[in-house]
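Good morning, everyone, and thank you for coming. Please have a look at the structure on the screen, and then I will walk you through a few of its parts.

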Amino acid sequence: MPKFSRRFDALPKYALADVPRIKAQLIEQGVDVIDLGAGDADLMPPASVVAAIQQAVCEPRFSRYPFQRGLPEFREKIAEWMQERFDVTLDPYDEVLPLIGTKEGIAHLPLIYLEDGDAGIVPDPGYYPYFGGTHMVGAEVVRVPLRAETGFLLDWEEVPADKLRRAKLLFLNYPNNPTGAIAPGDYFERALDFCKRHDLLLVHDNAYSELGYNGYRPPSVLQYEGARELAVEYHSLSKTYNMTGWRIGWVAGNSEVVGALSRLKTFYDTGVFLACQAAGVAALEAWKDFVPGQVNTFQARRDAAVEGFREAGFELEVPEATIYLWIAIPGGEPSIEFAKRILQASGVVLFPGAGMGAGGEGFFRIALTQPPERLSEAARRVAAVI
Ligand SMILES: Cc1ncc(COP(=O)(O)O)c(C=O)c1O
């Protein structure tokens, strides 16, 4: 067999790669495992979404190739929703592109802009496709640490001048996975200003835009002046509507970028399953009715988990958005060892901070993927181990 490429070989192993095996062993031994590792909740999509896909799969036209243009109704519904939600006016054909989940759209984007000698600026810790997509095209990954002291906000001023000169992309993600941080006040305006001055494309991942608590409504970067010239924003139906497995999202913003990604993707995929796009229309139509309940569900989970882990002796901030708690590990134990030890001893799956970059070392993440009582139970079990 030929050898793997050097770039592929250098990809880090998925931090939860061993977990399914350990979990299966524990379950076989009769352990009641509580899995708070991946951000993948135990909840159903809206009933109207399920009904929409059931109906769509019975129509021959929805079984055909979607191509990048996809279902016009979905593009138009996205544009309508972005208008209503963020007051952003978009052309549904030139400034919107449906994606097979935002992850693929993010990971493919560097292919359009980066090659050997270029650089992409990514948050550390950060969601893996920012790193993976940049690394796999042979560009330098410039990791900027997110620190508790500065609200886990990426400070672009930390990028050294020589790297900045070679950088073309700046990845931001607020509300943030894994830290739960949100972008305050003029953060996006300052980011846009920086990108303009340094000729960078601002790539904003807004996967958690609908999951803000206590009335907090996360903004879109596209609502700020000048954003259409230098930014794109990724949106996902995964977390808002419990559709992680359906693989559907979109990118919106600068038409040159959207058009280029569409052209590129012609060589990689043939679009999002049309029945799923029909379900996407139903999801966005259900937005007003469904999302408040979804937010309440996660807020109750957040509150139970915060209380439980605080009682267990951990110090943590209450996140104003996302479905994660980001918790410091006491005593300096490496996060991967800590997560393995906790899993073996308590049957609770945690996500080790280092799994999202060296900047995540010293922390673990829990995803609010289970009901409040299970989260409290998980906290009690973790407390018993430590
Ligand atoms: C920051 C962030 N962006 C995007 C996604 C994934 O979205 P999708 O399921 O649409 O690929 C996730 C999922 O965990 C995420 O945390």
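Leaving aside its neighbours within four places in sequence, which residues is Leu202 in contact with? Before I answer, please keep in mind that this is a predicted model, in which local features need pLDDT of at least 70 and side-chain atom pairs count only at pLDDT 80 or more, while totals for chains, interfaces and linings use all residues. Residues are numbered from 1 along each chain as its sequence is written.

Now to Leu202, which, once the neighbours within four places in sequence are set aside, is in contact with Leu170, Leu172, Ala191, Leu192, Cys195, Val221, Leu230 and Ala231. Being in contact here is defined by C-beta atoms, placed from the backbone, that lie within 7 Å of each other.

The word buried is used for a residue with 20 or more other C-beta atoms within 10 Å of its own, exposed for one with 12 or fewer, and partly exposed for anything in between, with the C-beta atoms placed from the backbone.

Let me turn to the domains. The assignment for the protein chain gives domain 1, which is 6-45 + 288-385, and domain 2, which is 47-286, and such bounds come from an automatic or database domain assignment. Taken over C-alpha atoms, the centres of domain 1 and domain 2 are separated by 24 Å. The contact takes 31 residues from domain 1 and 35 residues from domain 2. On the side of domain 1 that touches domain 2, α12 gives the most, with 8 residues, and the residues of that side divide into 17 nonpolar, 8 polar and 6 charged. In these classes Ala, Val, Leu, Ile, Met, Phe, Trp, Tyr, Cys and Pro count as nonpolar, Asp, Glu, Lys and Arg as charged, and the others, Gly among them, as polar.

Of the 13 residues around the ligand, Gly101, Lys103, Ala207, Ser236 and Ser238 come nearest, where a residue is near if its C-beta atom, placed from the backbone, lies within 6 Å.

Next come the strands. Strand β3, residues 119-124, is mostly covered, since 5 of its 6 residues are buried, and 6 bridges join β3 to strand β4, residues 140-145, with the two running parallel. Within that pair, Gly120 stands opposite Val141 in β4. Elsewhere, an open sheet of 3 strands has the order β9-β12-β11, with antiparallel pairing, and its edge strands, β9 (324-328) and β11 (351-352), each pair on one side only. Two strands pair if DSSP finds at least two bridges between them, and β11 and β12 (residues 363-367) pair over 2 bridges.

Some loops deserve a careful look too. The peptide bond from Asp124 to Pro125 is cis, with omega near 10°, and Pro125 lies in the loop between β3 and α7 (128-136). A cis peptide bond also joins Tyr174 and Pro175, with omega about 0°, and Pro175 is in the loop between β5 (167-172) and α9 (187-197).

Asn177 and Ala321 are 144 residues apart in sequence, yet 9.7 Å apart in space, C-alpha to C-alpha.

Finally, two residues other than glycine have a positive phi: Phe152, at about 55°, and Asn214, near 50°. Phe152 is buried, with 21 other C-beta atoms within 10 Å, whereas Asn214 is exposed, with 9.

Technical notes. Helices (H or I, at least four residues) and strands (E, at least two) are DSSP runs, numbered from the N terminus. Two residues are in contact if their C-beta atoms, placed from the backbone, lie within 7 Å.
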